[in-house]
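Reader: I'm new to reading protein models. Could you walk me through this one?
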Amino acid sequence: MTGLPDIPLDSPLRIHRKRDLPQLFASTYAHGHISGHERSAVAQRAFEARKIAILRSMTAEEVEKAYQDTVKKIMAVLEEDRRKNEEVDREVGKLTKQREMERMIFRKMKERSGKADGPEVKEEGEA
């Protein structure tokens, strides 16, 4: 026994009403979940029974350790995504600078030749 209270599966303490959630988390789905497909009643009872069995077999320290391990994994994924986003931002910056250089060179070539041989280049912001 882990010291957790014995709460029956059909207890109202296990039910989270939509109105108790902040508006940000309120579900637009008829089944009340934040997203995804509704679980069948049998699948929901099996999920809850498995969760209770797992939580009863763990101490509070083990639950906290499992939580911290999961948080570390998620943070590692987020850090990797942040790093990849920075690489993409750098690449987009390089390409933007390259495009501006190409526009500047094309304008100078157009001015020197005195005629518009190439395609019309519109500046950003021009209609």
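Reader: What follows H2, and what is its phi like?

Author: Glycine 114 follows H2, and its phi is positive, near 75°. Keep in mind that this is a predicted model.

Reader: Which residues make the nonpolar surface patch?

Author: Here's the general idea: an α-helix has 3.6 residues a turn, so residues three or four places apart point the same way. In this structure, Met101, Met104, Ile105 and Met109 make a nonpolar patch of about 370 Å². Methionine 101 lies in helix H2, and it counts as partly exposed because its relative accessibility is 43%, between the 20% and 50% cut-offs.

Reader: And arginine 103, is that buried or exposed?

Author: Buried means under 20% relative accessible area. Arginine 103 has 12%, so it is buried. This arginine also lies in helix H2, and its side chain makes a polar contact with the side chain of glutamate 100, at 3.3 Å.

Reader: What share of the chain's residues is buried?

Author: Buried residues make up 5% of the 127 residues. The chain exposes about 11,400 Å², with carbon and sulfur atoms supplying 58% of that.

Technical notes: Residues are numbered from 1 along each chain as its sequence is written. This is a predicted model: local features need pLDDT of at least 70, side-chain atom pairs count only at pLDDT 80 or more; totals for chains, interfaces and linings use all residues. Side-chain values use heavy atoms; hydrogens and water are left out. Buried means under 20% relative accessible area, exposed over 50%, partly exposed in between (1.4 Å probe, protein chains only). Accessible areas come from the Shrake-Rupley method with a 1.4 Å probe; for residues, only the protein chains shown count as cover. Helices (H or I, at least four residues) and strands (E, at least two) are DSSP runs, numbered from the N terminus. Patches are made of residues with over 30% relative accessible area and no salt bridge: like charges are joined within 9 Å, nonpolar side chains (Val, Leu, Ile, Met, Phe, Trp, Tyr) within 5 Å. A salt bridge is a side-chain nitrogen of Lys or Arg within 4 Å of a carboxyl oxygen of Asp or Glu. A polar contact is a pair of N or O atoms within 3.5 Å; within protein, one must be able to donate a hydrogen and the other to accept it, and residues adjacent in sequence count only if both atoms are side-chain atoms.
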